[in-house]
Structure formats: C-alpha cells, structure tokens
Amino acid sequence: MTIQIVYGPGACGKTRNKSKLAKHYAAAICIDGFSAASNRLKEFRDDSNRKLDLSELSEDQDAGILILTNMPEPIAQKVASKLDAGCISFAEAMAEIEART
C-alpha cells in the first residue's frame, strides 16, 4: 500500500481537485481533512473528528491512499515519516499533474 500526503492551506483547492489528485497518485482511498490528533502522532482524525486507523483502511496492499491535510509542512513531513508516506505540497502536486497533461 502506498500513501501520499498532499498538504496546503485551507481553501487552496485540495478538496476541489481531489479526483485529479487521486487519479494521479493511483489512490483507491482518499482521506480529506486529515490531522494529527496528538503531539506524539499516534492518533489521527478527519474533519469530522472521526478516529482513523490507517492499518485497517485496506486489505489490498496495492491500493493507494491519498491524504489531504491542512497541517503545516513540518508536521505533514513528520506524519509522512511515521507512515512511510510521500509528502508534497498541493501546489507541487498540481504542477506535476499539469506537466503530465
């Protein structure tokens, strides 16, 4: 399973472009509004404050997961490191998509 984190400020277009981003990163699962719920990065929640267990999201090891978040870059990078995930800004992700079209 591959995980890609796309971070950026609120209202920058992450949710509006969710389907483009999911297609680009071959993600079968998209989590919008991801945040670290504790300073130890052991618990994660979505915008609805639902607790997320990433280990149970998909039994299909080939399924990709796209995480969209408003977390600042340093925190997004820490989370990416903990989850063994890729991490890219929304602007960089959209530039990649535009370069391929």
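1. Which residue in β5 does Gln-4 stand opposite? Gln-4 faces Leu-66 across the strand pair. Strands here are DSSP E runs of at least two residues, and helices are H or I runs of at least four, numbered from the N terminus.

2. A word on the basis. This is a predicted model, in which local features need pLDDT of at least 70 and side-chain atom pairs count only at pLDDT 80 or more, while totals for chains, interfaces and linings use all residues. Residues are numbered from 1 along each chain as its sequence is written, and side-chain values use heavy atoms, with hydrogens and water left out.

3. Strand pairing (at least two DSSP bridges between two strands). β1 (residues 3-7) runs parallel to β5 (residues 64-69), with five bridges. β1 also pairs in the parallel sense with β6 (residues 86-89), over four bridges. There, Ile-5 stands opposite Cys-87.

4. Burial of β1. Five of the five residues of β1 are buried, so the strand is largely enclosed by the rest of the structure. Buried means under 20% relative accessible area, exposed over 50%, partly exposed in between (1.4 Å probe, protein chains only). Ile-3, Ile-5 and Tyr-7 cover one side, Gln-4 and Val-6 the other; both faces are covered.

5. Helix α3 (residues 90-100). Its buried residues include Phe-90, Ala-93, Met-94 and Ile-97.

6. Cover over α3. Among the elements covering its buried residues are β1, α1 (18-24) and β6. Contact means heavy atoms within 4.5 Å.
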